[in-house]
2 protein chains.
Amino acid sequence: MPTYQLYYWPVLQGRGEYVRVLFEDAGIDYVDVAREPTSEGGGVPGLLAVLNDGVGGVVPYAPPFVVVDGELVWQTANVLQFVARREGLLPDDAYVQARLHQLQLTVADVVSEVHDTHHPISSGLYYEDQKEEALRATQQFIDERIPKFFRHFELNLAQNDAGPGFVGDAMTYVDLSVWQTLEGLTAAFPKAVAKLLPDHPKLAALRIAVNERPRLAAYVASERRLPFNEDGIFRPYPELDLSVTP
Amino acid sequence: MPTYQLYYWPVLQGRGEYVRVLFEDAGIDYVDVAREPTSEGGGVPGLLAVLNDGVGGVVPYAPPFVVVDGELVWQTANVLQFVARREGLLPDDAYVQARLHQLQLTVADVVSEVHDTHHPISSGLYYEDQKEEALRATQQFIDERIPKFFRHFELNLAQNDAGPGFVGDAMTYVDLSVWQTLEGLTAAFPKAVAKLLPDHPKLAALRIAVNERPRLAAYVASERRLPFNEDGIFRPYPELDLSVTP
């Protein structure tokens, strides 16, 4: 089994955390390059070297990306699909693969929308320069989008009788990603999640089932798990912890 | 070969157009359900029936989605990957598949960001209620994001010596999607594209190569090709046709 080199920002969970969670839960050997010493090719310089120059002429769009067998793979959902397939964690059935991937791409939509709650005008501007707009965008997100996402995942969990996840009886990368998203939403919008999650019992049960996975639980308890913070996607800004409009 | 049922809004190009373009270019038999008569199960009611109730308990997130063999597949990038694979249009090599898909997911990022230029605060509010913010967001998009996307695609086209596309000598769904994105950006932001595209010769050459594909050209000239309009993603709002800041 080859060692995957994961490239992501070293001080935040962000999109990279979805890849870390899969590696950790599945017990896959990986190196989190930017968290290795700069003197050994790690740190942010180690990340930027590949981000800027690519590998063999192929240049990534943005972190996270992984290098394995000298090949570069990026875009979070694509990395997860690729790694799961390569590690034998994905059913062969093309329909099942598509069913999982479309849910993962909806997770990616949630993540982008969460980012836009604190950066509605541009990711190129500071949060401080778009705080008023962020308040408006967050209220809309909490009133309209979280309920839509929760309902979507709840419905698609309900059609699987074989286990607590979306497909069959084994956990997949999508189950882990939805769990990570719930963790992030809870960190950023605890009031809204506390109000909405009890109405989505399948989603709540998935969260408990993933919490009980031994390798993942050990990871979450370790120093390798970074806290949610104000550099990441899911930001615990008190002023954006809004309630659902009644 | 089965007939694919495509479900998308009948009066706009939007994300559905990426799927239409693949079907048309590859000569794949499909029915554009919502553009069929309502009396025959088409129209918006035909679309909403599947959007709300799903197929076999699986409920889609949003259009576009396709139904084939009684299975439902959604999320644009996932649909393209699935159809291309099913129709033998995708190389078997998992690395090549990942290489294509990561570019497609970056196209999806562009599309989302274009949508957010006219809807920066929320897709749940009218454009008219966020016009000031849209002006700010569009200027940022034109100054920071279009150059980044163009550079990214240009670099990754430059590493393929075998043809005008991203991988090998055959056109793939990604080449078509980048072409469609260039068409859309030109419709929405003609000034910016006119200024930036000449500095990206590989991207300009890809556009020409795709334009010359007979089946696609016939489609573009037909009534099946809807115009870009103010209901779609790429909206020709004159007030948002901003120049690149010098």
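Helix α1 of chain B covers residues 16-26, and helix α6 of chain B covers residues 173-188. In this predicted model, the two helices pack against each other at an angle of about 125 degrees. Their axes are 10 Å apart. Why give both an angle and a distance? Two packed helices are described by the angle between their axes and the distance between the axes. Angles over 145 degrees would count as roughly antiparallel, and 65 to 115 as roughly perpendicular. The angle here therefore makes α1(B) oblique to α6(B). The crossing of the pair is right-handed.

Which residues meet in this contact? From α1(B) come B:E17, B:Y18, B:V21, B:L22 and B:D25. From α6(B) come B:Y173, B:L176, B:S177 and B:Q180. Sorted by class, the residues of this contact are 5 nonpolar, 2 polar and 2 charged.

Now turn to the place where the chains touch. Here 36 residues of chain B are in contact with 36 residues of chain A. Which elements of chain B give two or more residues to this side? They are β4 (71-74), α3 (76-86), α4 (94-118) and α5 (131-158). Helix α4(B) gives the most, with 10 residues. By class, the side of chain B that touches chain A has 15 nonpolar, 13 polar and 8 charged residues.

How confident is the predictor? For chain A, the mean pLDDT is 95. In that chain, 99% of the residues reach 70 or more. Where pLDDT is low, the predicted coordinates should not be read in detail. The model as a whole scores ipTM 0.91 and pTM 0.94.

Technical notes. Residues numbered from 1 in each chain as written. Chains lettered and ligands numbered in written order. Predicted model: local features only at pLDDT ≥ 70, side-chain atom pairs only at ≥ 80, totals over all residues. Axes fitted to C-alpha atoms, helices over the stretch in contact; angles between N-to-C directions. Helix = DSSP H or I, 4+ residues; strand = E, 2+ residues; numbered from the N terminus. Parallel < 35°, antiparallel > 145°, perpendicular 65-115°, else oblique. Left-handed = near helix turned anticlockwise from the far one by under 90°. Contact = placed C-beta atoms within 7 Å. Nonpolar A, V, L, I, M, F, W, Y, C, P; charged D, E, K, R; others polar. pLDDT = per-residue confidence, 0-100.
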